[in-house]
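Please read the following note with the sequence and the model at hand. The points are numbered for reference in discussion.

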Amino acid sequence: MFNTSILQSKFKIPKPRKNYVVRRELYKLLDQAADYKVILVQGEAGSGKTTLLSSYILDSGLKMVRWITLDESSNHVFVFWRYFLEAVREQLGEKGEELIHLFDENMQLENMEHFLPVLFGEINFEDDCWLVLDDFQVIQEPELVQTIDQLFKNIPENLHILLVSREQPRVYLGAIGMEGELLVIDEAQLKCGFQDSMEFLTKTLGLEFTDKVLEYLCRIAEGWIGGLQLLSLSLKGKAEEEILTFHFQNRFTDEYITREIFAILTEQEQRFLLYSSVFQYFNKEMCRELIGEDAAEAFDSIIDRNLFVICVDEKEGMYRYHGILLEYLRKHFAKEERGLQWKLHKHASGILYEAGDYEECLNQLFLIEDYEDAMNILS
């Protein structure tokens, strides 16, 4: 027998914070959501994914909304589908209690492929229903992914599934995309424009600084709404002149990045982030040459995870880290053994020299005080 306790808190729609910024351009996209079976909202931690949907649901007055907040415990076939059953219980009619009882008492993993088609056939939505699966990036277990793929092949009429994820979901969305049934709101679209960023600082956070300071904060955050909030925590007791000159890495940003980014990575990926932070920009080949063959796998993983990586040249596959993350990485890289730091900067200078970027090559040499080689290049 399988059973799991249901936490009702996971079904609650998060309330958007007071004086939230209305993302009008994204609202226009969501206004079209009824034309799609699946809506994917994908972006880095703190990019405003959950707030976007919760505020849109509130402002648009959507009635039939089912919300499931996923966590690590949800990465299990029976836990996930038990919550799904609870979310659609009203739409199962007289069969609801029978199906739930069957699931709780008799289900085995090998029976899921027979149970799910029966379940999908009994779900009846008379009007449009919106099922939000928040933090969908936790869904990793292959067996669970296969069962969710079955759902996407047999989405009940009038059901629209909204996936909120920090990274590309493992489920197969290709067929839905080919049928024109997939709407994607990605990292670039989630980034706040200048006006939205200014409104967030003044209206939502209530900051009272000159436009010069506020514009500086917007530039540092680069459209990352979570970054704006973290930066605001650094301002207490600071004069405007000081704000315009100091670095923003503090306890709050350090803890946030450590917990929300670094903690979810493998040691290989953590090492990749630290070592590749010696570059102002990088591609896969540069990282492989600097770090070794393992870097190629870590590079792909970091790009797929949307970990504050910004594409600067799509054709050349060139990227850079978000300024706040780069400051964090370099702070922690400075704690590495001095000989390792020297070796990586020296190696990076050679890579940049061969690439013809002599300015960045010299910067690497200046950082390790290798003035002799720097003078040779200048000559």
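1. The second largest cavity is lined by Glu44, Ser47, Glu187, Leu190, Lys191, Gly223, Trp224 and Ile225. A cavity is here a set of points, on a 1 Å grid over the protein atoms alone, where a 1.4 Å probe fits but cannot get out; lining residues have an atom within 4 Å of a point. About 30 Å³ of space lies in this second largest cavity, and the structure holds two cavities of 30 Å³ or more. A volume is the space filled by probe spheres set on the points, with grid points joined across faces, edges and corners.

2. Two remarks on the origin of the values are in order. The model is predicted, so that local features need pLDDT of at least 70 and side-chain atom pairs count only at pLDDT 80 or more, while totals for chains, interfaces and linings use all residues. Residues are numbered from 1 along each chain as its sequence is written, and side-chain values use heavy atoms, with hydrogens and water left out.

3. The lining of the second largest cavity has three nonpolar, two polar and three charged residues. In this classification Ala, Val, Leu, Ile, Met, Phe, Trp, Tyr, Cys and Pro count as nonpolar, Asp, Glu, Lys and Arg as charged, and the others, Gly among them, as polar.

4. The largest pocket holds about 630 Å³ of space. A pocket is an open set of grid points with protein on both sides within 12 Å along at least five of seven lines. Of the 29 residues that line the largest pocket, Gly46, Ser47, Gly48, Thr51 and Ile225 lie nearest its centre. Elements giving two or more residues to this lining are α2 (49–60), α9 (194–204) and α11 (225–232); α2 provides the largest share, six residues. Helices (H or I, at least four residues) and strands (E, at least two) are DSSP runs, numbered from the N terminus. By class, the lining of the largest pocket comprises twelve nonpolar, ten polar and seven charged residues.

5. The second largest pocket holds about 460 Å³ of space. Its lining consists of 20 residues, and Gln137, Val138, Gln140, Glu167 and Arg305 lie nearest the centre. Here α13 (251–260) and α16 (294–304) are the elements that give two or more residues. The lining of the second largest pocket divides into four nonpolar, five polar and eleven charged residues.

6. How do α13 and α17 cross? The axes of α13 and helix α17 (residues 323–333) come within 11 Å and cross at roughly 90 degrees. Axes are lines fitted to C-alpha atoms, for helices over the stretch in contact, and angles run from 0 to 180 degrees between N-to-C directions. The two helices α13 and α17 are therefore roughly perpendicular, a term that covers angles of 65 to 115 degrees. Asp254, Ile257 and Thr258 of α13 make the contact (heavy atoms within 4.5 Å) with Ile324, Leu325, Tyr328, Lys331 and His332 of α17.

7. Five strands form an open sheet with parallel pairing, in the order β2-β3-β4-β1-β5. Two strands pair if DSSP finds at least two bridges between them. The edge strands, each pairing on one side only, are β2 (65–69) and β5 (182–185), and the twist averages 15 degrees from one strand to the next. Within the sheet, β1 (residues 38–42) and β4 (residues 159–165) pair over five bridges, with Leu40 opposite Leu163 in β4.

8. Strands β6 (residues 309–313) and β7 (residues 318–321) run antiparallel and are joined by four bridges. Asp313 stands opposite Met318 in β7. The two strands β6 and β7 form a hairpin with four residues between them, and Gly317 in the turn has a positive phi of about 65 degrees.

Key. Parallel < 35°, antiparallel > 145°, perpendicular 65-115°, else oblique.
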